[in-house]
Amino acid sequence: MFFALLINFLSSCTDQNSVTEHKKEFEGKIIYLTKLESKSTKFTTDEFQSFFGDTMTLYIKNGNYRMSYSGKDVKDIYYINKDNNQYTLRHGIDTLYVGDCSMEEKHLKSTKIKENAEFILQRQCDLLINETEDWKTFYWFDPSLYINPDNFTNHEFGHVNTYYSKARSPWLKYKYEGRSYNLSHQAIYISEEKINDDTFELPKLPRGILK
């Protein structure tokens, strides 16, 4: 969901029925512990960690999400469903960087689900693993928490749409294993609550394109 930012940052410094289910969709925030491990000569693990900080707060509502980081570089990443774009805001930079989520260059080799894989915050979680030739993503999720997969149908980047089409749930733990770094987020707090729409209001800044 977020490694688009990391890739560009490095270069610049069981199928279910497609019919929408009538369930109450999760709306709220989840706080995660964040850990990074560098495999690159460009940045050390400590530098990478400082860029993003040790916590991330996810706000999610109606197919929009915002990830707010505690680090000294990355501040917020927004996904706006109607635009199908990610927007990245960094500390001290008066530009909002835009990334197109309508495509993914890496072919999805496999998707696997393991049931009852781990307990997270006293919730029984299944595990979904997506694998391409360059990276693997792991998502642990509680199937009792519902996300409408139709809201992410066009989020091809990172094969996020594949995750939501199968899991139909917000992830409580995430791990990315790539060639240049590993990244993980693990939930330490979940709050199902009303999220104000202005949480997803984009900063009024000049826009640049993530290439």
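The protein chain exposes about 10,500 Å², and carbon and sulfur atoms supply 46% of that area. The structure is a predicted model. Of the 211 residues in the protein chain, 53% are buried. The secondary structure of the chain comprises 3 helices and 12 strands.

**Nonpolar cores**

The largest nonpolar core contains 42 residues, and Tyr-163, Tyr-164 and Trp-171 are those with the most contacts inside it. Apart from this core lies another one, of 9 residues, which includes Tyr-87, Leu-96, Ile-195 and Leu-202.

**Residues with positive phi**

Asn-116 has a phi near 50°, a positive value in a residue other than glycine. Asn-116 is placed in strand 7, which covers residues 110-120. His-159 likewise is not a glycine, yet its phi is positive, at about 55°. The loop between strand 9 (136-141) and helix 3 (160-167) holds His-159.

| Residue | Phi | Location | Relative accessibility |
|---|---|---|---|
| His-159 | about 55° | loop between strand 9 (136-141) and helix 3 (160-167) | 9% |

His-159, by contrast, counts as buried because its relative accessibility is 9%, and buried means under 20%.

Technical notes
Residues numbered from 1 in each chain as written. Predicted model: local features only at pLDDT ≥ 70, side-chain atom pairs only at ≥ 80, totals over all residues. Heavy atoms only, no water. Core = buried A, V, L, I, M, F, W, Y, C linked by side-chain atoms within 4.5 Å. Buried < 20%, exposed > 50% of the residue type's maximum accessible area, 1.4 Å probe, protein only. Helix = DSSP H or I, 4+ residues; strand = E, 2+ residues; numbered from the N terminus. Areas by Shrake-Rupley, 256 points an atom, 1.4 Å probe, with all protein chains shown as cover.
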